[in-house]
Amino acid sequence: MLIAKLFSKIYKKGGIVLIDSSGQKFICGNPDLNKPLTVKILNKKLNWKLLINPDLSFPEAYMNGDIKIENGTLLDFLDLTFKNLGRGEINFSGYFIRKLLHTWRFFTNYNLPLKSKKNVEHHYDLGEDLYDLFLDKSRQYSCAYWKSDQESLEEAQQNKINHIIKKLDLHPEQKVLDIGCGWGGLAFEIAKQSQCEVTGISLSENQINYCNKKAKELKLDNQVHFELCDYRKVKGKFQKIVSVGAFEHFGKKFYKTFFQKVHDVLTDDGISLLHTIGSVNPPGPVQPFIQKRIFPGGITPSLSDLIKPIEKTGLIVADCETLIHHYDKTLKAWLGRFLKNKEKAKSLYNKEFVRMWECYLSMCSAAFNFRDLVVYQLQLVKNFTALPSNRRNYIYQ
């Protein structure tokens, strides 16, 4: 069986038992034979599909119930596989197909305002009950900042918010723009900690409705405002601009458009903070399952993808921090909460949806742990005098 040979090549450490659709058993690598991690293939077509395009075929098969894992979880399998792969490719065939699709998408996909709104609705307007199954109470849907493994998800998310607020060097009565504000957790905390006036924008009607309702509940509606607005339509001037977890949705063709808008609406003495998932590899194709099922129109930028358009707009990268081994912990925490509430998720959607989201959260956690994914925090200014002279001291004191 060719797929067994592929798995055997991958596993330098550890291994699995593979059982094909006819019930034949294959030992791949060096598994613990007392209780081996076992992958059962239930559909004969997967014998060749997994060889041709494993990045898409495996998660789709798991989602549809054509692959089952015993003596472990999907995350166990992905952690083992990605740990052995490192930053290498699964096979040439899958990489070649991803490159072709990536090239086709580059020439055909344009995240214009209407398309961007539809892409956002696909993920963020699934219903409020879903996100309460796994997010913290403030609904932070981005990488937390873990100071220790013993911290709770809530503590780590508060760390992230505090870290960003310090980098913005906020002062009372300044105007702050939050691009892609999510459910408003960061905007509300900025308002509480700094007495700034905050404007949050999103393309998700669900999120904006939630934010406006929450602002009234917190009695912050005179200080925090939320608008259903595309970043390209923003007007006015802001001393501080922050964007957390939204840049991944904008598309490479619009990177310069985004940074030009930041330049245009940022005051001369202002500071902008961009928090985005990124890759440590050179620019390459996206993960096909995540793009097809979870984030249509989404893409993970390499650092070089970010720097070139920033330079063309005249903005200055004042600081770049790479968060490593923070998002894998965040995703693992989300996954644990989601699976704990999988029966509720199944009642809201169906069993295929539950397996799809288990794939999404597990794949991303393993990729941040062992592959090429990190989080970049870029601090951007228009001139050298925008920041305190003591550089990073004001962030970490």
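**Exercise 1.** Is Asp-169 buried or exposed?

*Solution.* The model is predicted: local features require pLDDT of at least 70 and side-chain atom pairs pLDDT 80 or more, while totals for chains, interfaces and linings use all residues. Residues are numbered from 1 along each chain as its sequence is written, and side-chain values use heavy atoms, without hydrogens and water.

Step 1. Apply the cut-offs: buried is under 20% relative accessible area, exposed is over 50%, and partly exposed lies in between (1.4 Å probe, protein chains only).
Step 2. Asp-169 has a relative accessibility of 19% and therefore counts as buried.
Step 3. Asp-169 lies in the loop between α8 (153-168) and β5 (175-179). Here helices (H or I, at least four residues) and strands (E, at least two) are DSSP runs numbered from the N terminus.

**Exercise 2.** Describe the backbone of Asp-169 and Lys-219, and then classify the accessibility of Lys-219.

*Solution.* 
Step 1. Most residues other than glycine have a negative phi.
Step 2. Asp-169, although not a glycine, has a positive phi of about 50 degrees.
Step 3. Lys-219 is not a glycine either, and its phi is positive at about 60 degrees.
Step 4. Lys-219 belongs to the loop between α10 (205-217) and β7 (224-228). Because its relative accessibility is 67%, Lys-219 counts as exposed.

**Exercise 3.** Determine the strand order of the four-stranded open sheet and identify its edges.

*Solution.* 
Step 1. The order is β2-β1-β3-β4, with mixed pairing; two strands pair if DSSP finds at least two bridges between them.
Step 2. β2 (25-29) and β4 (67-70) each have a single partner strand, so they stand at the edges, and one side of each is left without a neighbour in the sheet.
Step 3. β1 (residues 15-19) and β2 run antiparallel and are joined by five bridges. Within β2, Lys-25 stands opposite Ile-19.
Step 4. β3 and β4 also run antiparallel, with four bridges; Lys-40 has Lys-68 of β4 as its bridge partner.
Step 5. On β4, Ile-67 and Ile-69 form the covered face, whereas Lys-68 and Glu-70 form the uncovered one.

**Exercise 4.** How do α8 and α9 pack, and what is the handedness of their crossing?

*Solution.* 
Step 1. α8 and helix α9 (residues 185-194) pack at an angle of about 60 degrees, with axes 10 Å apart. Axes are lines fitted to C-alpha atoms, for helices over the stretch in contact, and angles run from 0 to 180 degrees between N-to-C directions.
Step 2. Angles under 35 degrees count as roughly parallel, over 145 as roughly antiparallel, 65 to 115 as roughly perpendicular and the rest as oblique. α8 and α9 are therefore oblique to each other.

**Exercise 5.** Classify the arrangement of α14 and α16 and the handedness of their crossing.

*Solution.* 
Step 1. The axes of helix α14 (residues 327-340) and helix α16 (residues 351-370) come within 8 Å and cross at roughly 160 degrees.
Step 2. α14 and α16 are therefore roughly antiparallel to each other.
Step 3. The crossing of α14 and α16 is left-handed.

Notes. A crossing is left-handed if the near helix is turned anticlockwise from the far one by less than a right angle, and right-handed if clockwise.
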